[in-house]
Every structure is written in structure tokens, then in C-alpha cells.
Amino acid sequence: MSGVEVRGLTKRYGTLTAVDDLSFTVRPGAVTAFLGPNGAGKTTTMRMMVGHVAPTSGGVTIGGRRYRDLPRPTTVVGAAFDGAAFHPRHSARNHLRIYAAMGGHPGRRVEELLGLLGLAAAGDRATGTYSTGMRQRLSLATALLGDPGVLLLDEPGNGLDPEGTAWLRAFLRELAGEGRAVLVSSHALGEVQQVADDVVVIRRGRLVAAGALGELAGAAHVVRVSSPDADRLARVLAPAARAIDLDGPHDLRVHGLEPARIADLAAAHELRVHGLAADRPSLEELFLDLTGERTDA
Ligand SMILES: Nc1ncnc2c1ncn2[C@@H]1O[C@H](COP(=O)(O)OP(=O)(O)OP(=O)(O)O)[C@@H](O)[C@H]1O
């Protein structure tokens, strides 16, 4: 099965750089969460993966080929974008039949997918009467018509109730379990934390973290340091730390450095340390920290 390689991907709209020199990999057999606050550039990136938006520079390959060079793209990559529009008077069955015909996929695939996505009973109802959850499932069904090895899902959890969210998680795990590369965007870590193997975090179009979710959590050190030399210590630690917050005249919160390294750097500069305590932040805190949305700093 194929993965997705994003290399140096950049998109400018006038003076706005929506996507800025982004490089990351989406591997087969895993769910990769694509995270960032609203407006960070997730949708633009995913649209560039499937040729809806032309990059300013850089590019994307899927299984080593550019989207436009794929002979039958819907058999390689399926995409579902947030707020996908369906003709409100078409039934789900008709909608899927039209897309199956366009992609050259067999009609029986439509029936299979209606069943798989729990839409069989509502298959002949006009999509205009569908709930948000049903629309999300129809988007997924459309993306899956060609049985692609790569799935790009833009905020598929939007508007789902808790039952729908649980269903979606199990479904994404199943798709990855079959060896597919599954990229799922979200603006909220909590939505994907339970299902993601890997994460790619962007902020203002730039990559701020990528890797296994477990490793990222392990790297999320926050150390509280108490020192009468706090100001000077902050300057010494700054080049090595991911971030430092002043918590008071003698207290620092140091992000991304181990306690031992902090103590060694302080000793090397003959600065006094009166206390060192490692905090284990929640992943949510780390995410807010990475995306610059933390408000308690
Ligand atoms: N066609 C366009 N013309 C001009 N600016 C655009 C265009 N498309 C996107 N942008 C801008 O690019 C930036 C990234 O938008 P994008 O939709 O990719 O972000 P996002 O992370 O998907 O956010 P959201 O979760 O809100 O959809 C935003 O500032 C947006 O306003």
C-alpha cells in the first residue's frame, strides 16, 4: 500500500502564506492526525494533495507519483472534504452511482458501501434530509468507492454526536488495519487522540511537530525551576528549550528540556537552582503549546 510524501509544500495567496515549506509523510497502515487551529492551512494542504489547489512550490507524491500522473486516481486516493456538497434532491444511492460511473467503479461497490456505512435503509432518501452524521458517512462512502489505499479526510468528526464519534474512530482504525494510509484533519487534539498513531501539527502553515503520538507525549516535558538567578538562567536555557515561561520573580516553567540537562546547564554557568520539579502535561496542553493557543502561559 502507498503512503503520501509531502515535500517543501508551499501555497501563497497574495501576501498570505497559507502553507509554508511543509514536509511530512503519511505512512500506510496508520492513522495520522493532521492538527492545527482553524486557518492553519490543513484544508489547503489536503486540497493540494489531490490537485484541487496548485502549489506555489514543492509538491506531494502518492506512492511515488504526483496525483495528476495517477492513471486512475480514485483507486489510489480517496478524499472527503469538510462541508462536501451533495445535490439535495439526489438520494445517497444515486449520488454514489454517479461517482462510481465517473470513476469506473462497479455498481455493486455502491451497495457494499451503503451497507458498510450504515446508509442502506436511508439509501433512497434525498440527501437534503440527511443529518450531519449521515452526510459525513456519505462523504466517506464516496471517498471509498475506488477502494483506495490512501484516505484524506478533512474534519470527518465535525458535527458528530458521541455515538457517531465512537463509530468513526472504530472505522478509521479498521481502515488503517487494512493497511491504508489514513490522514485525518482536526482542529482539536481530543477528537483524534484516541485513534491516531502519528501526528502532524501545523501552525500558520508551518510544521511544528511530526511523529508518533506516543513519542510526542514523551517529549512533552515541562519542568518547574525555582532559582534566585531565574532571569539569567532563562537566558542560558533559552537556546536549548522549546519555550520558557516566567512564573514569578524566581520561578520558571521550562518546556522541552529534561531536568538533568537544566541542572547541568545551570551548574556550567554557576547559577543557583533551589528546586526542580518535572510536570507531565496533558497532550492537550502540549498541543495548545505547540499551536500557540495556550492561554495560561
Ligand atoms: N482561495 C483562497 N484565497 C485566499 N486565501 C485563502 C484561500 N484558501 C485559504 N485561504 C487562507 O489560507 C489560510 C489557511 O486556510 P485553510 O482553510 O487551509 O486552513 P485550515 O487549517 O483548513 O482551517 P479550517 O479548519 O478553518 O478549515 C487561511 O488564512 C485562509 O483564509
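How many Å separate the centres of domain 1 and domain 2, taken over C-alpha atoms?

## Model and domains

The separation of the two centres is 42 Å over C-alpha atoms. Domain 1 covers residues 4–212 and domain 2 covers 221–279, the bounds being drawn from an automatic or database domain assignment.

The structure is a predicted model, in which local features require pLDDT of at least 70 and side-chain atom pairs count only at pLDDT 80 or more, while totals for chains, interfaces and linings use all residues. Residue numbers start from 1 along each chain as its sequence is written.

## Nonpolar cores

The largest nonpolar core holds 61 residues. Such a core is a set of buried Ala, Val, Leu, Ile, Met, Phe, Trp, Tyr and Cys residues joined through C-beta atoms within 7 Å. A residue is buried if 20 or more other C-beta atoms lie within 10 Å of its own, exposed if 12 or fewer, and partly exposed in between, with C-beta atoms placed from the backbone. The members that touch the most others are Val4, Ala141, Leu152, Val182, Leu183 and Val184.

A second, separate core comprises 12 residues, including Val222, Leu233, Ile244 and Ala266. In soluble globular proteins, nonpolar side chains tend to be buried together.

## Ligand shell

The ligand is surrounded by Tyr13, Leu16, Ala18, Gly36, Asn38, Gly39, Ala40, Gly41, Lys42, Thr43, Thr44 and His187 (C-beta atom, placed from the backbone, within 6 Å of the molecule). Four of these residues are nonpolar, seven polar and one charged; Ala, Val, Leu, Ile, Met, Phe, Trp, Tyr, Cys and Pro count as nonpolar, Asp, Glu, Lys and Arg as charged, and the others, Gly among them, as polar.

Strand E2 (16–26) and helix H1 (42–49) each contribute at least two shell residues, and H1 gives the most, with three. Helices (H or I, at least four residues) and strands (E, at least two) are DSSP runs, numbered from the N terminus.

Within helix H3 (residues 107–116), Val110, Leu113 and Leu114 are buried. Viewed down the axis of H3, these buried residues fall within an arc of 105°, so they line one face of the helix; the arc is that of the directions from the helix axis to the C-beta atoms. They pack against helix H2 (92–103) and helix H4 (132–144), contact being defined by C-beta atoms, placed from the backbone, within 7 Å.

Glycine 118, which follows H3, has a positive phi near 65°. Serine 131 lies in the loop between H3 and H4 and is partly exposed, with 13 other C-beta atoms within 10 Å. Serine 131 and glycine 39 are 92 residues apart in sequence and 26 Å apart in space, C-alpha to C-alpha.

Technical notes
Two residues are in contact if their C-beta atoms, placed from the backbone, lie within 7 Å.
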